[in-house]
Each structure stands twice: as C-alpha cells, then as structure tokens.
Amino acid sequence: MPGLESLAVPFSRDPLDRLAAARDAWPRETLRMREGRAPELPDAVAWPRNRAEVRRLLDHAAAEGLAVVPYGAGSGVCGGASGRAGSLVIDTKRLDRILAVDGARGVAHVEAGVLGQHLEDALEARGFRTGHSPSSILCSTVGGWVAARSAGQFSSRYGVFDDMLLAAHVETPAGPLDAGAWTPAGADDLLPAIAGSEGALGVVTDVLVRIAPVPEARWLRGYAFPDLDVAWEAMRRLMQAELWPSVLRLYDPVDTRVGGRTGGRPREDADGARVSGLQGRLLAGARRLGLRALPLPLAIPGLVNRLAAGLAHEVLLVVGFEGPRRLVEAVLPAARRILETDGLDLGAEPGEHWMAHRHDVSYKLAPIFANGAWADTMEVAAPWSRLAELDRAVREALGRHAVVMAHYSHAYPEGCSIYFSFAGAGDEARYDAAWAAGLEAVRAAGGTVTHHHGVGVHKSRAAARELGPALRAWWAIKNRLDPDGLMNPGRPFPPEADGSAAAPAAPARNPPAAGPVLAVDERSLLATVAPDASPEALAAALARRGLELRVPPPGPLVPWLAGLRRGELARWEVPLFGLRVRFPDGAVAEVGVAPRSAAGPDLRQALLRRALAGGATVEHLVLPVRRVDPAPVLVRVPGADPALADQVRPARREGDRWTLVGPAAAALAEALGEPGGGGGAP
Ligand SMILES: Cc1cc2nc3c(=O)[nH]c(=O)nc-3n(C[C@H](O)[C@H](O)[C@H](O)COP(=O)(O)OP(=O)(O)OC[C@H]3O[C@@H](n4cnc5c(N)ncnc54)[C@H](O)[C@@H]3O)c2cc1C
C-alpha cells in the first residue's frame, strides 16, 4: 500500500496487527479458527488521532481504490468489522478523548473510539452517566454503539443508544458531514441513517450524547411468576403504565431453572460449582438432566429442549427502579401493585445478584467451542401482540439444531425484545442451518431479525429482505456519501439487495379501513392512521376509542415527522413506529415491524422525505398511542429543568407546568410539586 507513510498517521503492516483487525467476535469466525481456517488479512491498520487524520486516510484510500473498514473494539457479533484483503482498516481507538461534559445541558461531546467503560467512569467522576450499559461495555466503543445501534441493560429507562445520540460528525468519502443537532441550517438531517450504517457511509469521529445524573437511589427485586404469559403481561402493564423501570429482565423457564434463580435456591450446580454464563448454565442443565458431558446433550437438541421444557414453567423477572430518591419512592407502590397481582416477591437478592454479575455472562463461551461445539445469541423483537408467536416460532426453528433458552430484556410500551442463547454440536454447516431456520422463523412471525446486535455480513440478506424496497432510500444516501463504494463493502446490505425489484405489493398488515384511524393494535398500543389525517380529526377519532397519541403532532403528520430532529423530543418520545409507502413502479415498502430494530439504519424519515418530494406515496403511518388517563395530574414543578424532566417523563410539558399520567401520577406530583403550586386534574 504505497504512500501510507507520507500521511503522518500511525499505521502498521505487521501481520499480528492485521490479524487482530481481520475479524470481530462473530462466533462463526471462532468456529472457523477452531477448524484451522484463519481469516483474510487487511493490507494495513491505521490509528488516526483526529478528524483531519481520518480525512487523509479516506482520501488516500480513494486515490488507491482501497476498501475502508472502520474498526471500533471488534466486539460486534455479526462480521461487521473485519478487515479483508485489499482493505485499509481504520481503527478508532486513538480517537479516545472526552471533549466536553455539560451537566447543565445534560450532554457530553466524546470521540468515537472511547471505550464504553472509560466513558462511564469519566462521567461518573463528574456525577453523570449515559445510562448505556451493554454487556460488552468493557470491550466496545462509542462509535461501535452508533454504527450498530446498540442497546444496554437499562434501556427501558434510558433508551437504546439511538435515544441518547444527539449529533455526530462523520468523515465520508464525499467529505465531512455533520448530523443531528449539528446539521447545517437547511440541510437534511442524516443522523437516522448514520446510526446503524455499520461503517458503510463513513467513519464516525465524534458524537454528542445525552447524559443523566448518577442515580441517587436504586431498588432491585426478583419476582417469580407462574409462567411466561403472565410475566409478559406484568412487563407490558409496567411499561404501558409509564412507570419506566430501569431494569426489566425476564428469564424463560429453562434459564430460570438451570440458573437456580427462583425461590432463593442456591445458584450452584449439582457439583456445588457456581453457575454463571451460558456455558455454566448449559453444563448445569445437562447435569440436572443426568448428562455428564456437554457434547452429548448438544447432539440431541430436540430431545433436550423437550425435556427441559417439561421441567418447569416458573419464571424469574428481575425488576429495578432508579433515580432521585423521592421519585423512586413515588413510583414503587404503583409498580408493586402491578407486579404483585400475579408475581411472588423474592426479595432483593435476585436483583442484586444480577447487578453484581451482569457483565460476566457473555465472556465464557470459549470452553463450548473448545469442547467441539458452538454457541451464539439471536436478539429479535416484536410488538406485544406478536411476541408470543415470535417466541414460539423461533424456539421451534432453532430448537431442531441447538439447545435453546431465552430472556426478555428490552421492553417498551409497544413491544419487547427476545434474546435467545443457543448452543449446538457440529460444524459450520450445522451452525448455518440453525441460523437460517431461526431467521426465517423471525420473518414469518413478523419480528425484526435484530434488536441490537446489528447486521454485519451475517444478517445482511435477512435484514435486506426485512426492509425490501425501503432499501432504495438507503442506496440513495449511500451513493451520495460513498459514490465509489469504498466503505465497508457488503455491510450492512449486500450490493444486489438494492430494493429495485418492484415486487407485487405485500398485503397490508392492517387491512385498510375508512377514517383517520385505520386500525388499532390494542395490546401494543399502536394506531395505524391515514397519513393525511389532520391532528384534530385524529385526536377526535382516537378519543372515541379512549386513546390519545403519545406525541401529539403540532401540524400535518408527514412534514412534521419528516423534519423532526433528535433532541427536539425527549429520549423516550417515539413519535413514529412504522409506515407503508408505495413507489411509482408499484413496489411497496413497510418499515417498522418491531420496536427499536437494528436491521440497518432508520430509513423512516428518508422515506417520508421522498414522499414529500413526490417520489412515493405514504399509505399509512403507525403511531404509538396511550389510553386516555381518567385522572391526569397537572403540577407546577418549581425550577423544572430538562434533567429532571428526563427523570420523570411527564406526558406533556409546558415550561414548569407538567401533566403526569399513569398510576403513579398523583404520588409523583406530590413528590415534585410546589405546595399549593397547581396540583390537581387539568
Ligand atoms: C460479550 C459481548 C456482549 C455484548 N453485549 C451487547 C449488549 O449488551 N448490547 C449490544 O448492543 N451489543 C452487545 N454486543 C455486541 C457489540 O458489543 C455491539 O455491537 C457494539 O456496539 C460494537 O461496538 P464495537 O466498538 O466493538 O464495534 P465493532 O465491532 O468494532 O464494529 C461494529 C460495526 O460498526 C462499525 N464501526 C465501528 N466504529 C465505527 C465508527 N467510528 N464509525 C463508523 N463505523 C464504525 C464497524 O465497521 C462494524 O461494522 C456484545 C458483544 C459481545 C462480544
């Protein structure tokens, strides 16, 4: 690679450095390494220290016709960051400065290569945190969180990383780009396309993120429920009551049982060893089933899954609340009423144990591979109305090839994610067969193929199929920012998946009806509405069903949604769930099948803009709604600042006059309001 020396950017052609950047943590690569098949090596690895050095590297790559692979910490599990022959890896780890922390505005400006735990430690020293806590926080970067649309363990309170991301600077082959809050006046905001672009548009160099105060109080608890359906119902009710727990983590019966998680039973296996991590749980499970060696149960997964399913139905839900003490205390009675309708309080220990060990789980897979087997995880999501079917279908599909267990850990008012852990015996072909069956089951059940691990090369075809003709919006952005296709080729979508096929229109999920409200998914609190409905007509039609929009539009729906910028809304305010558009050639795109999908970038605004420009017709919008609260509380909160609103999540806010809804509204108003300062129903 000539000329790299002249750029004054640290770089290496050492084979070891190139090997380190040749793969991420995709288990299929581990399987191949075990079989003695080393990955292709990139030509060189460079470590730029600022935007200007990234720029020089990109210009150099363009001049030399080299592919560019952005590389964060390589913790991705889908083959996204993998330097190949003929590529230059841009490793971001020296973009490691925290440039500013502004507690008053609740934001921090950080470089993309900062490691997650370093960021949280630096913020905590100043009394703040992002609230983003993926299991990989020790080994992933801020840029990787942006690029793969990461989600952390406290997402039900703080949101996924998308919800925290306010602005980004990206060096693209076509030039520098500022997105989100940094978008130049008059330009389209491309932040929704940057998040989830997986290195295929440019190198994210630095970002502006929301931060929150370190919580003053934290409450953690375990609850036992008789079965999954009842526990899902408690999770749904908690989220739809807008109580915003910080942790909501449900283990399926197998995971609950082999982890020894309920009833205060010790977390030890039959030999008295501590049980932790998938491997520990699988080994413990195998022993409980009387099988001494790991490969044997993995070789007969169908039987093991059936036996395990027959063992028990009881499930454990770990629940947490955190924030200012008076707010946590105000919310807890209402939360406990919901939880204790069907749940048995197991005390603080299950929650405290989870908290103390929450990062252990994922790092113990190597012995499974060393034992001649493999293990992986699949994180999918769906609205509440489709969750049970998604769970059943994927379990059945994966269960023919692997031993499967699951937990449910990212819940929203509209739906929830399912995190399957599975392990099987055999080679790459068996691994591929398990994934193919699992992904097909997700598609058939109407879920998204990824909630937070992103796409990489692993799920690129499945994600492309999920998005269909919506990919036209992706390629329009890609061709503008990376016209020669230098950036991370094949990620997150294969070049042949260009969305051009004018496939016959798929039947609408919700059959058309007349009126501004076309259909309502009552379980998921999602309303399918006509795009040209006026805010007044829509509000009246929803009110007749006892519903209101979570985020009321100030004017016509489509222009409002197309122009919204991150930061104009609070992090939990999701104004748009899904949409269906028809292109002039008859192709139809339906986007938004599940909450917070990470199947590539968020193309919804790009599609709406295309429709406004006459390049497509919006057939319907799917908007989150809430049940009209019969007793909302209007309260005046003295000195109300955005950071406090961030903690409380009022349904509406006009200066210091907040409307609180849900079962904790009155208690919250009492905890917050000025004595005699305007409490009571509006
Ligand atoms: C043990 C373990 C636990 C995990 N737990 C979680 C979890 O709880 N939640 C979760 O969301 N994920 C989890 N993951 C997956 C992974 O950590 C996330 O996808 C993370 O966001 C990747 O960050 P990274 O810095 O390692 O990115 P990498 O793996 O280096 O890269 C991921 C993708 O982003 C691109 N990229 C990276 N940096 C940039 C940049 N600056 N500009 C442009 N593109 C860039 C790469 O090209 C690649 O396509 C886990 C992974 C492991 C191994």
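Me: What is the handedness of the crossing in which α9 passes α14?

Reply: In this predicted model, α9 passes α14 in a right-handed crossing. A crossing is right-handed if the near helix is turned clockwise from the far one by less than a right angle, and left-handed if anticlockwise. Helices (H or I, at least four residues) and strands (E, at least two) are DSSP runs, numbered from the N terminus. Residues are numbered from 1 along each chain as its sequence is written. As the model is predicted, local features need pLDDT of at least 70, side-chain atom pairs count only at pLDDT 80 or more, and totals for chains, interfaces and linings use all residues.

Me: Why are α9 and α14 called roughly antiparallel?

Reply: The axes of α9 (residues 228-240) and α14 cross at roughly 165 degrees and come within 9 Å. Axes are lines fitted to C-alpha atoms, for helices over the stretch in contact, and angles run from 0 to 180 degrees between N-to-C directions. Angles over 145 degrees count as roughly antiparallel, under 35 as roughly parallel, 65 to 115 as roughly perpendicular and the rest as oblique. The two helices are therefore roughly antiparallel to each other.

Me: Which residues make the contact of α9 and α14, and into what classes do they divide?

Reply: From α9 come Val230, Ala234, Arg237 and Leu238, and from α14 come Ala335, Ile338, Leu339 and Asp342. Two residues are in contact if their C-beta atoms, placed from the backbone, lie within 7 Å. By class, the contact of α9 with α14 has six nonpolar, no polar and two charged residues. Ala, Val, Leu, Ile, Met, Phe, Trp, Tyr, Cys and Pro count as nonpolar, Asp, Glu, Lys and Arg as charged, and the others, Gly among them, as polar.

Me: What makes α14 roughly antiparallel to α25?

Reply: The helices α14 and α25 (residues 665-672) pack at about 160 degrees, with axes 8 Å apart. That angle makes α14 roughly antiparallel to α25. Their crossing is right-handed. On the α14 side, Arg326, Leu327, Ala330, Val331 and Pro333 meet Ala667, Leu668 and Ala671 of α25. The contact of α14 with α25 divides into seven nonpolar, no polar and one charged residues.

Me: How is it known that α17 and α18 are roughly antiparallel?

Reply: An angle of about 160 degrees is found between α17 (residues 384-399) and α18 (residues 428-445), whose axes lie 8 Å apart. These helices are therefore roughly antiparallel to each other, and their crossing is right-handed. Residues of α17 including Arg386, Glu389 and Leu390 meet residues of α18, among them Ala434, Gly438 and Glu440. The contact of α17 with α18 has eleven nonpolar, one polar and three charged residues.

Me: Why is Arg325 called partly exposed?

Reply: Arg325 has 14 other C-beta atoms within 10 Å, and is therefore partly exposed. A residue is buried if 20 or more other C-beta atoms, placed from the backbone, lie within 10 Å of its own, exposed if 12 or fewer, and partly exposed in between. Arg325 lies in α14 (residues 325-342). Leaving aside neighbours within four places in sequence, Arg325 is in contact with Glu216 and Ala217.

Me: What makes Asp178 count as partly exposed?

Reply: Asp178 has 16 C-beta neighbours inside 10 Å, and therefore counts as partly exposed. Asp178 lies in strand β9. Not counting residues up to four places away in sequence, Asp178 touches His169, Thr183 and Pro184.

Me: Why does Ala8 count as exposed, and why does Asn488 count as buried?

Reply: Ala8 has 8 C-beta neighbours inside 10 Å and therefore counts as exposed. Asn488 has 29 and therefore counts as buried. Ala8 is in the segment before β1 (11-12), and Asn488 is in the loop between α20 and β19.

Me: What is the phi of Ala8 and of Asn488?

Reply: Most residues other than glycine have a negative phi, and most peptide bonds are trans. Ala8, which is not a glycine, has a positive phi of about 55 degrees. Asn488 has a positive phi near 35 degrees. The peptide bond from Arg491 to Pro492 is cis, with omega near -10 degrees.
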